[in-house]
Structures are given as structure tokens and as C-alpha cells.
Amino acid sequence: MNAPEPKDAFKVVGTRPIRPDGVEKVTGKAIFGTDYKAANMLHGAIVRSPHPHARIKSIDTSKAEAVPGVKAVITGADFPSLEDIIVRMGESSGSTVDISTNIMAKDTAYYDGHAVAAIAAVTRQAALEAARLVEVDYEILPHVIEMCDAFAADATKIKAAINTVGLGEGEQGRPNASLKFTSAKGVAAAAMANAVHVVSGHYSLKPVHQGYIEPHAAVAAWKADGKLDVWCSSQGQFDVRGLTASVLHLEIGNVRVMPLEIGGGFGGKTTIYLEPVAALLSKKSGQPVRVAMTREEVFRATGPAPGGEIDVKLGADADGKLVSAEIEFQYSSGAFGGGDAWAGVMHSVNHYAIEDYKVTGWNVLCNMPKHAAYRAPGAPQINFAVESAMNDLADKIGIDPIELRLKSAVKPGDPSMMGSKFGEIGLIECLEAAKAHPHYSAPLGKNQARGFACGTWMNYGGPSTASVSLADDGSVLVTEGNPDIGGSRASMALMAAETLGVPYEKVNVTIADTSSIGYSMVTGGSRTTYATGIAVIEAAKAVINILRERAAKMWETDVANIEWIDGSAVCTDADNAGKSFTLAQIAAKAGATGGPIAFENGVNPLQHLPGYGAHICDVEVDKETGNVSVVRYTVVQDVGRAIHPAYVEGQMQGGAVQGIGWALNEAYIYNKDGRLDNAGFLDYRIPVASDMPMIDTVMVEKPNPGHPYGVKGVGEVPIVPPLAAVGTAVSRAVGKPMRSLPISPDKVYAALNGG
Amino acid sequence: MSRNHVTTTVNGDEREFLCSPGQTLLDALRDELGMTGSKEGCGSGDCGACTVVLDGEMVCSCLVLASEAQGRRVETIEGIAEGSQLHPVQQKFLENAALQCGFCTPGFIVASKALLDKNPNPTETEVRYWLAGNLCRCTGYDKIVRAVMDAAAELRQERTAA
């Protein structure tokens, strides 16, 4: 692909117009997952296991079925048989067995909140009443939730048969491990022995929830001809279609998924929970059914990100250059295989050039919901450990933390952990920009301290489809298949307008259902503006070629004599030299020159580049209470090129604040009976407005040569560095290493008082 | 089960609905009146996505029984704009890109307008504490706070001009 166009050539890319869907969203008119209603629709309710691990001996639904208004009751027995087909999608992969089992328990409930039955009734109230009357006879089994219990050599094995990868015979003495993966280069142990400076530490993190404000909801209508319509909010209607078809053994073409507006996902809505349940209730009742989760259900039954136990050892030469890294860690994955250990390994030291390293990660089963992707899945946990250790190393050597990183930071041409060579990456530029930022050298107040960390996320490209068509008044219609989770309609409109040379306001963007456009992978992996953007740009370029052909017809000349300049076809042949037709003038004649002007384009771009961020955090510790306040925060990030800078800043700010919440507040808390004790926003405390300062942003723009306008993914990397930036700041403020997240006030208080 | 008949004023219009005794005002707005702009994020008063103004006081409509709306005035997100004319708070949310997914936005806008109706010149800290009952997981609050401060400045200017 050609080099990206220079920035000063842009007319609309890089501006900050109002998003196309904005008015609907500030007036309450936008239809989200919980807002959609079908005619004659029933309401669902789900019966959930109160036990973290129990064999289901029998389920008696007779009393529930007798409740007036109840139209259907289903259990695991109503699901099609489990055939183990691997389904590849987005950031996650999983087997149909696991996905189906997580949606509805078959013979065993694997966690507190695991669905065991579902009801559809004419009112939600009747459905809830019936749900209370379902009688489940459980045989309670021993459970394991905490990582230290689950990974122990003598741990209770929570599943008789689990798919294991990389473990070989005898599971290496770890009954609940499902994956062991090592990435190694050189001889880490020997290099460590020769290192001049060595630091090490053990770091712990609890599972945390994505915390989107919109609970999951789905409406399904199983039609008499065996076809299925689904309306839901998700990060990708096509993968909802594929997974639902797979779980229900339907042909993909017989499932049509209508995307509703999505109220946050952060990776947690790349999979399915409710769609097959609503579908089977609809099949049994003959009416459309809505199933929606309460907040408590969201916490108990949907995707936390893994907790982790991490051992890190870093070695540097006399100068501070990293010479070795030895890392081993375990991530929880819930009661199912899959998980983030692979990604954890590949993001551990992928931002540093180190000749010798050995990094090993394990996925470990426990009695929790099947873990789900959460923004840069697997990277923040390992980054917390590695970057905290880097700050220890800087202290040990007595050099500035950014100077230390500059000695080992990867640059274009360096080998990556994946085995390829890095392209035009911008870590060095981020580090230099952070060092030069006034925040980095600003004086600190009493009880305040500063932390720094940098991090990376690989980003992705992959399959996307988009179409561009013209109305005869010159209106531009862009149709794509990626749910707009944070302003992507605006980015698509900007890229289409830039390419065609028309004003932004002329472009309308629609997110189509699965039967109305070709496949697009999920909105995730920081891929949409990059990959779907390329689909839109290339479709717009194809439309320009059609417009040139039509203009050639209108002037009765060869298309080679037509140039496209600033939204108009300009003639270069002698007879009509310098004459032009605007896009609207050509569109108006479309009927006479060859018919509708439209182009649909499927792409699979893979020239995405990893993203890098450098974060500076100041905290103030209240020594009486142990409370920590973030008083100043700066995010520096290589964004490639910002198509709509305000929404790029928004990603940087939002990711940073999620990371701050992870560092200071958030954790799953299970009681001794294995039940989740904080399944609500009062007790699972995400950051609120009064907790936060303004989040300063610095967009470093080092364009990606693999995108016409230079786009790099921006959404995920900002959640990677905050854990260590915050953790280091608190550690410095209290004078002790704080290596267990969340750094809640009780831990700080204990550290300040000799605990 | 018997249902209660409720007559109330919603965004200036007299409305009637039937509700069960335990039904929340949020559910009545959404399910009985079809006004789905107010959102349920938690159902426990922790997220503020269902914020409405009841007789001039900002409340979480998930914590108010529908029957309690009898004879009272309810203002929801659907009543903030005047016809197609957006309220300055709505306009400034758009201009500042103060929404990403947009799910919490109706609650934030109702709450922000309620603040500016009481306090036309809030400090950043006052804005942050007033909005502490509204959760946003996307933005990190920076652009929301800026939008509210901008709207306050514009409203003060309008008042001065008037």
C-alpha cells in the first residue's frame, strides 16, 4: 500500500464535527438493547444457580408452568447436543460446548449465577414469579475460586475433562490448568546470572468486570419457517449470528441479527449469553421473547477479566539496558477453557528489546463465569507487574524511569515477540513526549507522589465490509457492519467525505443487519477505524471511478481524460478541458448514464500496527484514612493519525480511568460459600466523576503506512499502563511496594501503619 | 393482581397509566408510556441512567414507585429539548464529544440541567460532585465535565443578553 497522505492535505480528516448519531443519543431517542420491543412480545426470566459448583440432579418445572401467563419453560435439556466445533471470532475463541454450557448449565452448575432454566411469560412479573417456583435438586460439589486454591497441585479438579493446550501428560500436576504457554528467546537464566542489576517481585490482581452501563438484553423471534430473527446490542452482529447459529445448530443464513445501539462493551459484548435462550423460548412459545439481565445478573454471569498471580524478574546491565526477563504467571479463566494467558505472554515485554527472556503463562479454571475479553485482554495485568518492576529497577539504579525505558524501548525494525519485525511504531516518540510534558517535572504537593508506566497492545485488522452509494441529489450513503461504540460513524463519515471530496454533512452512515451487508468482524481489537475504515475508503475510491466513467460518458470522452479533484470530475481532453461536473451533477444523471452508483467492498487488511502509550499519574494519599486520590493524570499515545481527534482523546481518557478503577477500587469479592458478595455498582465501585481529575491527553501522530490516512488502533492501549502508573505512585507515597490490586484504602492504611 | 390508576404530568402533558403496586416509575415510563429515553443500568439507584426530575427534585426513577407519581410533575430526557431545538446542555455534549456509547447520556443530561437550573455558575468540583451519582464507563468524565461547564457559560450569556 502507498504511504499515507500527508496531514496538511486533509480537508476533513482531523476535524471534530458532531457525530451523525449524536442528536438521537442526547435526546433519548436512540434504541439500545433494552429498548427494543417486538409486537406480541413475551418477557423472559432466568433461574440461576445459587451454588458455585453443583451437580443438577433434577429440575421440576411443573409449578412454574402452572403460573398464569407462563408460555414456555426451558432448561439445558432443550439445547441441541454439544458438538465441539471451534468458533473463531474477534478477540476470543471458544468451543461451542463451552459457550453453550456457559449460557445454560446442562448437568452441572459451575458458578454462582450460572443459568439453569428460563421462563417466558406475558409479563416480566409472571416470568419472575415462575422462576422462583422452578425446583432444582442440587448435589453441592466442592468449589475453587481463588487462584492460589485453583492452581494448587492438590486442588479440587472442577471439571472432569477439560481441553488442555501445551500441558502434555499428567497436566504437569495442575488439575485445573487448561493452557501453559511459553515464549522464550536466548537463555534467560544465564543472562540473568550475568546481569548487574536485578529486581523481582510477586504481583496479584483480582478479576474485574468490564462495567458497561447497559445490561445485556436480546429479543428473539423464532418463525414458523424455522428462521430466527434477533435484535440485540453487541460488539458485532455477525459474530452473534455465527455463535447463535452454532449453538442452536442452525444454518447461518437462517439467522438474521439486527444491531441495536450498544451501551458499552469493552470486549464483554463480543460473545453471547441471552440470544439462544430467547430463541428457544420463542420456539417453544411461538411468540417473540425478550430476555434482559439485571445488573446483578451482569456481575454474576458475564465476563470478568482474569485475575492474575505474576512473578517477574528483570535484569539489566550496568548502564540500565535490559538483558533478561524471567516471568511466570497464572490467569483465571472461569470454569471453561480459553483465556488470556497467551495474550499476557505476548504483551509482557513486547515493548522492550531484550536478547534473552522466558515468559510462561497459565490459564487456570475456577468456579466463575467464562471470562470475557476486556479492553486489551490479558495485557494490563502483566503490564502492571513488568512496569512496576521497571520502576523498581529505575530506583535501584538511580536513574529516571523514562530514561531507563529509552535504553530498551523497541523501535521500527526491532524483532517483536511474534517473530516479525516492528513497522512504524511510536514508543520512543511517546516516551520523549512524556519526558517533555510539563506534568513530568511539575512539583508535587504534600503526601503526593508520581508514577510512570508505558505499555502496548498489538491491535488488529481483519475482515470488514462496507458499501458506498449515492442518491440522485448527491447524498452519500455509507453502510457498514460494525456497531458504533464510541463515535465510529463519525470516523467513517470523515474518511468517506475526505476520499470523495464532499462535505462531512453530505455523508450518512448506517450500521446494517446481518442480511443487509457482508461480514464484518466485531468492533474490538481496536480494529474498526483501521479495517472498516479501509473498506469505506476503498469503496469510496471505487465510486469515484464509477463517477469518472459516468462523466466520461456525459462528455463523450475516454475515462482516462477525467480527473477527480475536490469532489468533482474535471475533464482534461481538448474539447472540454477544464470543465467539471460535481458529484451531485453526475449522480443526478445516473439513470441515463448506467444506473445506480454504488459499490460494496469486502477487505481483510492486516497491516495494522501495535499501539503504545505512556502514562504519568500523581496521587495524594490521605494518611488518616488510607484513601488515594488521583490528582493529575496525563496520557501520551501514538495514535497513528486521529481521524476524529475528540473521540481519540475520549478513548485515551476512558481507558485511563478504567485502568485507574482497576488499580484502586475494583475487584470481585466472593464469600466462603463461593457466592459473589458485590454484584452491584454500590459495592463494585467503578470511578465516579468526583474521583477523577481532568485527564490530559497528548496525541503523538506517527502514521501507519498500511492505512491510506495513517490510522492505528487507539481504543485498547490506554487501559494498559494505568495499573503500574497508579500503583507506583501509591507505592512511592506510602514508601512501600503496593503489589496487590486493588490498592484499596485498607491496604494503604495498613502499609502506612506498619502492616 | 389489581393495578393502580395513576394520573401524572410528564414533560408538561397530562398522562395516565395503570401500574402494579410494586412497579417503579422507570418501568412505568418505559413500559406503560413507551418513553425509553430513561435507562435502567442497575435498578438500585447507583448508576443514575434513569435520572428524572420529580416536582423539581432530581431522583433516580428506579427508586420511585410509579404510584408515587400520582398528581406530580415528571420531567424526563424526552422533555429537555424544545421541539427540535436542543437545550444548551445537549448541544454542548455533542460539541464536546461528551458521549461515547451514549447509554448513560440521558441521565447525565437530565442531571446536568437540574444542576444548572439551581446553580448557573458551578465550579468544576461542584459539577463533579453533583454528577457523582451518574456512572459513565466510556469517557472518564473529562469531556462530560467540560460540556457542563460550557453549557453553564452559554446559559449565563443567554441570561445576560435577555
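The paragraphs below lead through a predicted model, beginning with the contact between its chains and then turning to each chain.

Where chain A and chain B meet, chain A brings 43 residues to the contact and chain B brings 43 residues as well. On the side of chain A that touches chain B, two helices, α1 (22-26) and α19 (645-664), each supply at least two residues, and α19(A) accounts for the largest share, with 7 residues. Sorted by class, this side of chain A consists of 20 nonpolar, 16 polar and 7 charged residues.

Within chain A, the domain assignment gives domain 1 as residues 7-30 together with 461-603, and domain 2 as residues 378-459 together with 609-752. The centres of these two domains of chain A, taken over C-alpha atoms, are separated by 37 Å, and the contact between them takes 18 residues from domain 1 of chain A and 21 residues from domain 2 of chain A. On the domain 1 side, the elements that give two or more residues are α15 (488-500) and α16 (528-555) of chain A, and of these α16(A) gives the most, with 5 residues. The residues on that side of domain 1 of chain A divide into 7 nonpolar, 8 polar and 3 charged.

Another place to look in chain A is A188(A), which lies in helix α6 (residues 188-194). A188(A) counts as buried because 22 other C-beta atoms lie within 10 Å, where 20 or more are needed. Not counting residues up to four places away in sequence, A188(A) touches S324(A), A325(A), E326(A), D356(A), Y357(A) and K358(A). Of these contacts, D356(A) is 168 residues from A188(A) in sequence, and yet the two are 4.7 Å apart in space, C-alpha to C-alpha.

Chain B is likewise assigned two domains, domain 1 (4-79) and domain 2 (88-161), whose centres, taken over C-alpha atoms, are separated by 22 Å. Their contact takes 14 residues from domain 1 of chain B and 11 residues from domain 2 of chain B. Strand β3 (residues 51-54) of chain B provides the largest share of the domain 1 side, 3 residues, and the residues of that side divide into 7 nonpolar, 6 polar and 1 charged.

That strand belongs to an open sheet of 5 strands in chain B, which has the order β2-β1-β5-β3-β4 and mixed pairing. Because β2 (13-19) and β4 (57-60) of chain B stand at the edges with a single partner strand each, one side of each is left without a neighbour in the sheet. From one strand to the next, the twist averages 40 degrees. At one end of the order, β3(B) and β4(B) pair in the antiparallel sense over 4 bridges, and V53(B) stands opposite M58(B) in β4(B). Helix α3 (residues 105-118) of chain B lies across β3 and β4 of chain B, and runs at about 40 degrees to β3(B).

Technical notes:
Residues numbered from 1 in each chain as written. Chains lettered and ligands numbered in written order. Predicted model: local features only at pLDDT ≥ 70, side-chain atom pairs only at ≥ 80, totals over all residues. Contact = placed C-beta atoms within 7 Å. Nonpolar A, V, L, I, M, F, W, Y, C, P; charged D, E, K, R; others polar. Domains from an automatic or database assignment. Buried ≥ 20, exposed ≤ 12 C-beta atoms within 10 Å, placed from the backbone. Pairing = 2+ DSSP bridges. Axes fitted to C-alpha atoms, helices over the stretch in contact; angles between N-to-C directions.
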